[in-house]
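Dear colleague,

Please find below the structure I promised to hand over, followed by some notes on what was found in it.

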Amino acid sequence: MSLNIQHVTKQYKGNRTPALTDFSIDLEPGILGLLGPNGAGKSTLMRIIATITKPTQGTVLWNGVDICKKPDSIRKELGYLPQDFGVYPNLNADEFLMYMAALRGVDGKAARERIDDLLAFVNLLEARKRPLGEYSGGMKQRIGIAQALLNDPQILIVDEPTVGLDPEGRVRFRHLLAELAGDRVVILSTHIVSDVEAAASDIAILNRGSLVTRSSPEELLRTVEGKVWEWVIHSDELIAVKQKHLLSSVIRHSDGVHVRVVADERPDLEAQQGLNPTLEEAYLYCVSSNRGVGMG
């Protein structure tokens, strides 16, 4: 089972800058955390893999088959939770999932058995008869995962799945993804580093339509070893520090503002090397400088 994205470029009409530029990556079963700021091209890439749009150049192969020429080769094995996933508010969970199953050609009896299993998996059995319009944001996202899994997909794409969820909902969602990763390709596209840190052992960073780096979390963390600095400043210095340095943390205490900065050189005479760099600091460093590690 493999997904091979080869030199993909996407140029939208009317835009001078491509949404994707010469993007290549090879994926096998497991969770890939696709990180990047808003506008980096993540959603465009997801839509290309889901055969909603076609690349301007390049190819995407699913198990060796070009999905641009034969989109059904991946559609029947694809689960997709888009960023703008919507529900029919007057339908309950059973009705909505049966409707989605019918659209995908899943047999009625098999669909009912699958829906029972999925509602148990996403912990919504007790709410299955409530209209979806009464669901919280987290519950709707769990229904989104359920509909994406109706056909037991071999490739699962989730695009910004935790935006708008409370911390508890985000933790629950990450656990769901981790349970799904064993024997399928899962792509988690987000700009929230903690989501990737909790779920993915493989990380790709996308910025301005290009692949900046693809590495393990450990490799990514090594890029900021010796590059994180801490010191205490006065409140009236904070704006100047923000303008001059890549700020990763601001904590106010009685003795002043404790700041953490990611920089190649000591940013201030008072600055001391910070302990335990975070994955978010490594991400900020890579995106700000478009440095690549572990490519290939």
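To begin with one side chain: does Tyr88 count as buried, partly exposed or exposed? Tyr88 has a relative accessibility of 43% and therefore counts as partly exposed, where buried means under 20% relative accessible area, exposed means over 50% and partly exposed lies in between, with a 1.4 Å probe and protein chains only.

Before the rest, some notes on conventions. This is a predicted model, in which local features need pLDDT of at least 70 and side-chain atom pairs count only at pLDDT 80 or more, whereas totals for chains, interfaces and linings use all residues. Residues are numbered from 1 along each chain as its sequence is written, and side-chain values use heavy atoms, with hydrogens and water left out.

Aromatic pairs

There are 2 aromatic pairs, counted when the ring centres of Phe, Tyr or Trp (its six-membered ring) lie within 6.5 Å, with planes under 30 degrees apart called stacked, over 60 edge-to-face and the rest tilted. Tyr88 and Phe96 make a tilted pair, at 6.3 Å centre to centre and 50 degrees between the planes, and Phe96, at 1% relative accessibility, counts as buried. Tyr88 and Tyr99 are paired edge-to-face, at 5.5 Å centre to centre and 90 degrees between the planes. Because Tyr88 lies in the loop between strand S6 (78–81) and helix H3 (93–103) while Tyr99 lies in helix H3, this pair ties together parts that are 11 residues apart in sequence; helices (H or I, at least four residues) and strands (E, at least two) are DSSP runs numbered from the N terminus. Tyr99 is partly exposed, at 36% relative accessibility, and Tyr88, Phe96 and Tyr99 form one aromatic cluster.

Leaving aside residues up to four places away in sequence, Leu177 is in contact (heavy atoms within 4.5 Å) with Ile31, Ile145, Leu156, Val158, Val186 and Leu188.
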